[in-house]
Amino acid sequence: MTKVLQFKPKAELSAGENLSSFIWTCRNDLTVFGVDLDWSSPVWPNVTVFAKLGVTTRKPQNHQLMDSGFSDFAKAYFRYQQGQKPTGTKNESKALRAIEAALLQVTGTADINKLSFAVLDEAAMLAKRHYSAGAAYHCGREIERLADFVNDHRLVRPSVKGWRSPIKRPDDKNKTGSAGRAEREKKLPNNIALNALAEIFATNPSHPRDIFTTSTFAMLMSAPSRITELLSLPVDCEVIECDRDGVERYGWRFFSGKGFDGDIKWIPTTMVPIAKEAVSRMTRLSENARRLAKWIEENPTDFYRHPGCPNKTDDERLTMAETALALGAVNGDVNAAKALLYRRGLSCEDGAHTLRGLWMHIMERLPLDFPWFDKKRGIKYSEALFALNKNQLATGKCCLSFELHKPTNNFFNNDLSPRESLGTDGHRSIFDRYGYKDEDGSRLKLRSHQARHLLNTIAQRGGLSNLEIAKWSGRADVRQNRTYNHMTEYELVGMAECMDVSKELFGPAGEVLKHLPVTTQEFNTLERAAVHVTEFGYCVHDYTMSPCEKYRDCLNCTEQVCVKGNTENLTRIKARLERVEDLYSRAKDAVEQGDMGADRWYQYHQKTVARLRELVSILESPSIEDGAQIKLRGNDFTQFRRVAEKKSKDVNEVQCEEAAMLQDVMRALGGGFGKTLK
């Protein structure tokens, strides 16, 4: 069990003595990250690397390591804070790197005792320079937390009490316009790449790496999941239950990575055949690895008899060729056998090895946490759907059926995205291997998380509630949904316009309506559901799309609606007609006199007079009943309106295609009790 303690400084000790005591306590008394943690190593495996700011390699060289005068404090602080509050992002590393760099720049030394407001300010500036906006914000918060910690625990001489990070939280990424479009394109998958993967999956590929990549992405497209969650699924993850209507539902049992307990993610009926096939392929692909893991658990001292293993007892002496065959060689070639044994650091002589001795060598190469594939979720290698053999997915290498391998999210993403720096010969993604290109001839790429963004956006388009989306996605907080919602502003407006205004979506519109001589039914048939009262009637311009493009020129606007029978408004219209006729007469005289620019005023007033005369004649016509809504046509152009109408149609088409799937998910989320698939 990890040992966690609360460090308590002594008031009578100096800052240097408290700092030394803190480092000693964290190094010798804490057991966070294991009792056998190599404190002196700059690399803590699967935890962090104590390297300088800007260094990204997992194997840094000496000149890339943190200064020796700072690294002990960094290790102590990192271990202590992760013991108090473990996190996945481990922002302490970012803050420590920024502070070390700032100390060197401001003071010329990496001594934490020289921490000051100037150093903290410089650390914040370095964080903004080296990290993305979101990462810099979290780094700044962690620098602030570190400053409070060393001050409260009297670990430094100068007081840094009250320092606050100047890095502001980045703006919400749900933007409109070109910025919003660029953000959506980055978060959502490329349609050509999606179709390419679907085609490859449909061909039932035979190479293990292609099976792994296509099956994994097919599963990501079946339920909104994080790749780390998916790769930790047990082989018996499939669940079948009947919902409240007695309909059989298919899903997978997940354990979420962000605070949501174990839950079942239901698969839409349209995706069930794909999901089942993907799980079936991965089950077959991982069968030998699971069998090997089970053998090791039950027979830790006996050699695993794989197909190429020589027919000898565990204690019989082996020739060099037999030794190579036991270690995965495909033939008895002497030179190849010598090379294999040399790479493993084993003797190349005949009779030097037995199967039992080789088994001890193999046991030393087991994965670090064996038998746990994912200890946090309680999944063993013998139970994991994605447990594999070493080199099983490699090209040009022999699969080692007696060693285990755990695929990572980086390995999966590397097969979806080309590594441009290596060129097409150095690295070929699955799209390169099958000859797929983008429309412009560039190399296709995807990321695992894009599937999750796409499914969440589809759910938003289909009208699933935020609670249903959060549950389907495995989230503990529904507020996280907004990060995954990439509907365009036109789609949102189109959805809003389809809603009943009785739900008060447009706020004070209801109050305006009751003062107008129209019924609710008539109001709902208007082109826009939001209204603005004018001196002549009311305006139906959609202010969610754009500001008014004809400010104070309502009578020449096609979005101006007048109501027959409203005598007060008719009086205003007649008064306006008298004034405009006078202006029209003056403009005509100015044109005849040759005044420069008068022709424009003449044309404008000519059009306005014509519209007003026509409007007055309609409003005074006895053949038109009171209460009729009058809106004159015009040829004025509004780009916003045309685009919005087109996008609204597109939204309706998408909704028709996805409605069945989302209705399916909604019903499935209702749960129920039934049988579990064996």
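**Figure 1. Trp39 and Trp44, both buried, in a predicted model.** Trp39 and Trp44 are both buried in this structure, which is a predicted model. Each of them therefore has under 20% relative accessible area. By the ring-pair rule, the structure holds 21 aromatic pairs. One of these is formed by Trp39 and Trp44, with 5.9 Å from centre to centre and 50° between the planes, and it is tilted.

**Figure 2. The ring pair of Phe212 and Phe411.** The ring centres of Phe212 and Phe411 lie 6.0 Å apart and their planes meet at 55°, so this pair is tilted. The cut-off for buried is under 20%.

**Figure 3. A cluster of aromatic rings.** Phe22, Phe70, Phe73, Tyr77, Tyr80 and Phe149 are linked into a cluster by ring pairs.

**Figure 4. Helix 8 packed with helix 10.** Two packed helices are described by the angle between their axes and by the distance between the axes. For helix 8 and helix 10 (residues 272-285), the angle is about 145° and the axes are 9 Å apart. The two helices cross in a left-handed manner. On the side of helix 8, the contact is made by Pro208, Ile211, Phe212, Ser215, Ala218 and Met219; on the side of helix 10, by Ile274, Ala278, Val279, Arg281, Met282 and Leu285. Of the residues in this contact, ten are nonpolar, one is polar and one is charged.

**Figure 5. Helix 4 packed with helix 5.** Helix 4 (residues 117-130) packs with helix 5 (residues 133-152) at an angle of about 160°, and their axes are 9 Å apart. How are the two helices directed, roughly parallel or roughly antiparallel? Angles over 145 degrees count as roughly antiparallel, and helix 4 and helix 5 are therefore roughly antiparallel to each other. Helix 4 passes helix 5 in a crossing that is right-handed. Leu120, Ala123, Ala124, Ala127 and Lys128 of helix 4 make the contact with Ala136, Cys139, Ile143 and Ala147 of helix 5. These contact residues divide into eight nonpolar and one charged, with no polar residue.

Conventions. Residues numbered from 1 in each chain as written. Predicted model: local features only at pLDDT ≥ 70, side-chain atom pairs only at ≥ 80, totals over all residues. Heavy atoms only, no water. Axes fitted to C-alpha atoms, helices over the stretch in contact; angles between N-to-C directions. Helix = DSSP H or I, 4+ residues; strand = E, 2+ residues; numbered from the N terminus. Parallel < 35°, antiparallel > 145°, perpendicular 65-115°, else oblique. Left-handed = near helix turned anticlockwise from the far one by under 90°. Contact = heavy atoms within 4.5 Å. Nonpolar A, V, L, I, M, F, W, Y, C, P; charged D, E, K, R; others polar. Phe/Tyr/Trp six-rings, centres within 6.5 Å; stacked < 30°, edge-to-face > 60°. Buried < 20%, exposed > 50% of the residue type's maximum accessible area, 1.4 Å probe, protein only.
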